[in-house]
Amino acid sequence: MISHNSQNEKPDSPKQQAKASPRGRRTQRIRRYTQLMAAVLYNCHFTGFAEGRIYQGKFKGVCTPGLNCYSCPGAVAACPLGSLQGALVSSKYRFPYYILGTLLLMGLFLGRFICGFLCPFGLLQELLHKLPSPKIRKSRATRILSYGKYVILALFVVAIPLWKLAPGFCKYICPAGTFEAGLPLTFKNKALRELTGTLFSWKVMLLTVIVVLCVLCFRAFCRFLCPLGAIYSFFNPVSLFGVRVDQTLCTHCDACVHRCPMDIKKVRDHECIQCGLCIDSCPTGAIHFGVKDGSGKVSLDTSASAAVSAEKTNSTSNTGRTPDIGGLSAENVQARRKIRLAIAIALLAAGIALLAIGLHAGNFRSVMNKAIRICYECIGIG
Amino acid sequence: MKKKPMKVMKRKLTVLLAALTLVAAVVLVSGCGKDPGDDLPIVTATPTVSGGDPSAAPTPDRFPNRANADTGKGTPKELEAGDVAPEFSLTMMDGSTFRMSEHDDEVVLLNFWATWCGPCVNEMPDLMQLASENIPGFTICFISIDDSVSDVKDFLSNKSYNNSIIGYDKGARICSYYPTGGIPYTVTVVNGVVKETVLGSRSYDKYKALVTNALSGK
């Protein structure tokens, strides 16, 4: 399970995957630029770092797609996870329409593509993993551990805010809060430094452990602990943009699964961060980035798939049987497509409705009101 | 033949993305990046205690250039020891009115809080206990910065707190004149002049010592 990546890089090493071909390198280069730009864009209040102050403009009512602490001195927008917990703490007084609508729409449009492309903490984890060290490869154990994020989501993001009226994840776990807000703010602000105690020590220790884990294990926080990834994972099967697998071309060789450093069982399952590493590994070129159709399974617009479909149709006319696509009959594929399309439309309608009601109910101001003030829990002095 | 246009397109795409990020960053920081107090009118600079005489008997004109949150007079700025506490009036939860200038001969503890703020809610019982001790020459005023007054009412409905010392800052009017990066934020005012600002929550003993110290140096 543990390997050394100095000479013989393992198949799930992202470095080797990026080296696979010019096409793969190009995809990963674009992804890296996007990650960097997202990190800069989320944290472009540069003077905040120098002054040890947080941005207090109205844009703080808008949530970023990725995990980015709003108490970070550079942050110009709100963290969706922090805002969700804050809204749940206040849910006794007002239902969190706005943040739920935001999460729903972001999940529906992008799913865990956000984790792969738009999360600054994801970028940080990937850079940490580039440090030379023994590497822990994915296994049955890591697959089991990957369910830990759902436990954290239920316990720290939902249960503790609702019952204990505290943002449990921000307060006790969030390494992004400690790294982006706790350390810079306490470094610059003496008054805050004086308030640090056991909780701050705990959070710094946890951050250290997570950093070490990320060096050893690809995206360890993302895979095992991140509740935002857990939320977006629910939308992966119906997300409108991301990787798509053309089942007419797929031979089920599992080359994509073996190449993937995450704990996926198939492309686009709940563990897939849609990073596109698998695209290059597919021998038949069945995996693409794109806007998905209703099924999200069958690509209808590629010439290759059209050719295969035509071939299968011909064989049908010759044999008189319904053609099979990816082990499913054409009828089943159509039925699945309709179900997924219906779910996507229902989610879109629900997301827009929640967002509209939330904006009308003043939820935007509510999110902003919290985000423009230092979250002591995020720092670890709550 | 095919690779060259692809390379050019890729470069163009990268440049376009970088330009978009830069433009968005500039727009965010400049256009939308106004602080809550930016819209407030600037009339005169906030006077500091160096221009007045804190030991003089309190009168309505004691600090003629005093910033006023009700009228928008003065420039909101982060308060420091020695600044004159901006004037404001606040309707308390029992319907009474708290006016800052009416307490210029006392030690006043202004506590900015919100129902969603864990540390604020946690320190509230300690501050309430301090208030219940009826220390002569000492007043405490809780200023809620919640989203609506109904949130505060709901919060207080099952608590036995003294509603005459809790008020709701509608539209963050007062908060903009007492700007802070976070809450709980407590401002100790002695004879109308800021003595100390406290960021974050403190224990009962710390607040008690703070008040005793302020009263002894009054």
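This is a predicted model: local features need pLDDT of at least 70, side-chain atom pairs count only at pLDDT 80 or more; totals for chains, interfaces and linings use all residues.

Visitor: Why is B:F98 called buried?

Guide: A residue is buried if 20 or more other C-beta atoms lie within 10 Å of its own. B:F98 has 21 C-beta neighbours inside 10 Å, and therefore it counts as buried.

Visitor: Which residues does B:F98 touch, leaving aside those up to four places away in sequence?

Guide: The contacts of B:F98 are B:S89, B:L90, B:M92, B:C141 and B:G167.

Visitor: What makes strand β3 (residues 107-113) of chain B largely enclosed by the rest of the structure?

Guide: Seven of its seven residues are buried, so strand β3 of chain B is largely enclosed. B:V107, B:L109, B:N111 and B:W113 point one way, while B:V108, B:L110 and B:F112 point the other way, and all are buried. In a regular strand, side chains alternate between the two faces of the sheet.

Visitor: How do you know that β3(B) pairs with strand β4 (residues 138-144) of chain B?

Guide: Pairing requires at least two bridges, as DSSP finds them. Seven bridges join β3(B) to β4(B), and the two strands run parallel; they are therefore paired. Within this pairing, B:F112 stands opposite B:I143. The chain passes from β3(B) to β4(B) through helix α2 (residues 118-132) in a right-handed β-α-β crossover.

Visitor: What joins β3(B) to strand β6 (residues 185-190) of chain B?

Guide: Six bridges do, in the antiparallel sense. B:V108 faces B:V189 of β6(B) as its opposite residue.

Notes:
Residues are numbered from 1 along each chain as its sequence is written. Chains are lettered from A and ligands numbered from 1 in the order in which they are written. A residue is buried if 20 or more other C-beta atoms lie within 10 Å of its own, exposed if 12 or fewer, and partly exposed in between; C-beta atoms are placed from the backbone. Two residues are in contact if their C-beta atoms, placed from the backbone, lie within 7 Å. Helices (H or I, at least four residues) and strands (E, at least two) are DSSP runs, numbered from the N terminus. A crossover is right-handed if, with the strands pointing away from the viewer, the path from the first strand over the helix to the second runs clockwise.
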